[in-house]
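Open the model alongside this text and follow the residues as they are named.

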Amino acid sequence: MGLLRIMMPPKFQLLAVMAFGVAMLFIENQIQKLEESRAKLERTMARHEVREVEQRRTRDGLRDSPALPEIEDLIIIYNRVPKTASTSFTNIAYDLCGKNRFHVLHINTTKNNPVMSLQDQMRFVRNVTSWREMKPGFYHGHVAYLDFTKFGVKGKPVYINIVRDPIERLVSYYYFLRFGDDYRPGLRRRKQGDKKTFDECMSSGGTDCAPEKLWLQIPFFCGHYSECWNVGSRWALEQAKYNLVNEYLLVGVTEELEDFIMMLEAALPRFFRGATELYRTGKKSHLRKTSEKKPPTKESISKLQQSHIWKMENEFYEFALEQFQFVRAHSDRDCFGLVKNH
């Protein structure tokens, strides 16, 4: 069987080849456009899916995340550092709780240990968060910072605190253990009968005035980790700074206590309405003073300041002071002024 051949003039053959080439180019161009359209459609669908996922996550997050506590359910924890004007400030809360209708509760720890056992931590967190009859509540005690989020409870308390110049705090505590104060003058103190001055303690190398005794404000803010109580730990210092900035509503300084009280009254009037006036005029709230306290000499201060422990505690104090002054400078001047000029 022979092959059927279509014989075409050369001119027509060239035109046919050219037409075929143009057709192929057109088809390829259309295919490319279809590919681009498909890719564009896929990108649009992907963006739509991402938006749906983000919206779903947002909805789930709003549904699952604990709401901010209502003011009537608010809990304040003041984990007070010894000898920072803590009793003076706490007395203001006691004086205001009846008028402002909130509860004041003292945190008692075993042997006055600022670190609670795990069982006590669990009980404390459960009681604070579930004891509705005691809300709103103001809890205070010499206890280290405790992170409530570790215990799986909804809602966190509001932390506040006060810090003091480290050497001033140590000297005040030294004399307090020996002579007490004018708040409860008849109460027998742990070191009562020891008449040695702070300078004499420094000269004789006593333990009650040793630089290690400065290590207190850092671990109180650092919390319930073993490293917090490792004297001179750089990690503890950084953790204390982190907690101060991220976990505390406000940290004041003893040297500027009135401004601290005014700022709290402006921020939390449900608890502290009238606190500034009470601090200025009250007969007992701001009058507690350690008895028989003698300022240390420059030599004693210089000796303590050579210690790396003082340098770390002072670094934390300066950090807290700077943060307090920053918050004060950016406070609502209208509210702050109303309290200040009340």
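Buried means under 20% relative accessible area, exposed means over 50%, and partly exposed lies in between (1.4 Å probe, protein chains only). In soluble globular proteins, nonpolar side chains tend to be buried together.

This is a predicted model, in which local features need pLDDT of at least 70 and side-chain atom pairs count only at pLDDT 80 or more, while totals for chains, interfaces and linings use all residues. Residues are numbered from 1 along each chain as its sequence is written, and side-chain values use heavy atoms, with hydrogens and water left out.

The protein chain has 13 helices and five strands; helices (H or I, at least four residues) and strands (E, at least two) are DSSP runs, numbered from the N terminus. Of the 342 residues in the chain, 42% are buried. Contact means heavy atoms within 4.5 Å. Among contacts between residues at least 6 apart in sequence, 76% join residues at least 24 apart.

Which residues does Phe-89 touch, not counting those up to four places away in sequence? They are Tyr-78, Phe-138, Ile-160, Ile-162, Phe-260, Ile-261, Leu-264 and Phe-272. Phe-89 is also one of the buried residues of H2, among them Ile-92, Ala-93, Leu-96 and Cys-97. Because 11 of the 15 residues of H2 are buried, this helix is largely enclosed by the rest of the structure. The length of H2 (residues 86-100) can be checked as well: at 1.5 Å a residue its 15 residues should span 21 Å, and its end C-alpha atoms are 20 Å apart, which agrees. The expected span is 1.5 Å times one less than the number of residues. After H2 comes Arg-101, whose phi is positive, near 60 degrees.

Most residues other than glycine have a negative phi, and most peptide bonds are trans. In the loop between strand E2 (103-106) and H3 lies Lys-111, with a positive phi near 55 degrees. Asn-112 is in the loop between E2 and H3, and its phi is positive at about 55 degrees. Lys-111 counts as exposed at 81% relative accessibility, and Asn-112 is exposed with a relative accessible area of 66%. The peptide bond from Lys-135 to Pro-136 is cis, with omega near -10 degrees.

Helix H4 (residues 166-179) contains Glu-168, which is partly exposed at 42% relative accessible area. Glu-168 and Thr-84 are 84 residues apart in sequence, yet their C-alpha atoms are 9.1 Å apart in space.

The largest cavity is lined by Tyr-145, Leu-146, Asp-147, Lys-150, His-224 and Tyr-225, and about 40 Å³ of space lies in it. On a 1 Å grid over the protein atoms alone, a cavity is a set of points where a 1.4 Å probe fits but cannot get out, and lining residues have an atom within 4 Å of a point. Grid points are joined across faces, edges and corners, and a volume is the space filled by probe spheres set on the points.

Key. On a 1 Å grid over the protein atoms alone, a cavity is a set of points where a 1.4 Å probe fits but cannot get out, and a pocket is an open set with protein on both sides within 12 Å along at least five of seven lines; lining residues have an atom within 4 Å of a point.
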